[in-house]
Amino acid sequence: MTNSATSVLTAMDTRPAAAASSSTAATAASRASIKNLPVSLFAAVMGLSGLSMGWRLAHTEFGAVVPRVVSDVIGLFATFVFVVLAIGYGAKLLRHPAAVKAEFNHPIAGNFFGTIAIALLLQSAVLGHYNGTLGQVMWIAGTIATLLLAAHVVSRLLGGNCHPAHAVPAWIIPGVAALDIPVTGSHMPMPWAGEVLLLSAAVGAVMALVLFTMIVTRLIQHEPLAPATTPSLLILVAPFEVGFTAYVNLTGRVDLFAGLLFYFGVFLFVVLAPKVFRRSVPFGAGWWAISFPLAAMVNAGVVYAGVRGVWGLQLLAGGLMVLLTAVLLLLTVRTLQILFNGRLLAD
């Protein structure tokens, strides 16, 4: 595990030679503007919130050997990041509404607005442990936003004239967002919540699988993804690992079908990881696309290992949890670096 973790982090820590130039950094800083804040950065909230939930699950499954304070610290940091991004993107909306509109209507970038809805849902689970009412309000807001976005995305796709090259992994985000409604809302006390969970699971499962098929077809028959968007390949893992948790929450059991979902997600990760963690893939905000799929896989692994009780699975889940924590720490540090040198918000 140590060697694999080191190789992953080494691959991610590749710095373009141009970034080392002070003149380049100065130029990037001069072009930095809130107008260029990408909505995809909300994926950071998804990954950090998912990591917090994973450590909490590990504490529940394995007891005092996994301190709860780790989950609390990561969860509060995720909340801080969510607030900062919400303020930043709100400022972008007020000052550059045309840029936000163009981003929303973009056939690829527009799907990343689903990261805001997912961030709301995951934050409802994180903050709901401290204030149940706040958690319920955020879950309702996230559910409404998610279902409206899903309806918009399906309507746009069914309008026709979609170029095959636009079928990229980001298309899956609205479908995964709908699956996150039962992931985060299985404990909601409202009498109508059960039907909303079923509706959301139906929408999310069918959307994710249909879009997954279209994306795989595009990846097979057309040119590879651009290097900057290569990390988004790991989004293909999310429908199966998030689907695992949604299914378990709806049925209350980890059965054969749940195991199939979990293991196929792990299989996809093994296949896709060598394509993502390469020195030729430059670092940018798009790297945060790997965070939530990995967190979903780790969380599913913790639950599955806890139910199966096999020491090998428990060791694997623990190792993946540590690896995910290290990866998200590195992503945070690298993102702060490109924020302060101006590259993050440069046009």
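Which residues lie nearest the centre of the largest cavity? I found Met46, Ile173, Ile235, Phe292 and Pro293 there, among 13 lining residues.

**Ground rules.** I am working with a predicted model, where local features need pLDDT of at least 70 and side-chain atom pairs count only at pLDDT 80 or more, while totals for chains, interfaces and linings use all residues. Residues are numbered from 1 along each chain as its sequence is written, and side-chain values use heavy atoms, leaving out hydrogens and water.

**Confidence.** I looked up pLDDT, the predictor's confidence in each residue from 0 to 100. The chain has a mean of 86, with 90% of its residues at 70 or more. Residues 1-21 fall below 50, and this stretch has 29 contacts in the model beyond near neighbours in sequence; a contact is heavy atoms within 4.5 Å.

**Cavities.** I searched the whole structure and got two cavities of 30 Å³ or more. A cavity here is a set of points, on a 1 Å grid over the protein atoms alone, where a 1.4 Å probe fits but cannot get out; lining residues have an atom within 4 Å of a point. Points are joined across faces, edges and corners, and the volume is the space filled by probe spheres set on them.

- The largest cavity has a volume of about 110 Å³. Helices H3 (43-62), H6 (114-128), H8 (173-185) and H12 each give its lining at least two residues; helices are DSSP runs of H or I, at least four residues, numbered from the N terminus.
- I sorted that lining into 12 nonpolar residues, one polar and no charged, with Ala, Val, Leu, Ile, Met, Phe, Trp, Tyr, Cys and Pro as nonpolar, Asp, Glu, Lys and Arg as charged, and the others, Gly among them, as polar.
- The second largest cavity has a volume of about 40 Å³. Phe262, Gly301, Tyr304, Ala305, Leu313, Leu316 and Ala317 line it.

**Alanine 289.** I placed this residue in the loop between H11 (256-276) and H12 (291-308). Is alanine 289 buried or exposed? It is buried, because its relative accessible area is 11%, and buried means under 20% with a 1.4 Å probe, protein chains only. Setting aside neighbours within four places in sequence, alanine 289 contacts Pro231, Ser232 and Ile235. I had met Ile235 already, by the centre of the largest cavity.

**Threonine 332.** This residue sits in helix H13 and is buried too, at 14%.

How values were computed:
Buried means under 20% relative accessible area, exposed over 50%, partly exposed in between (1.4 Å probe, protein chains only). On a 1 Å grid over the protein atoms alone, a cavity is a set of points where a 1.4 Å probe fits but cannot get out, and a pocket is an open set with protein on both sides within 12 Å along at least five of seven lines; lining residues have an atom within 4 Å of a point.
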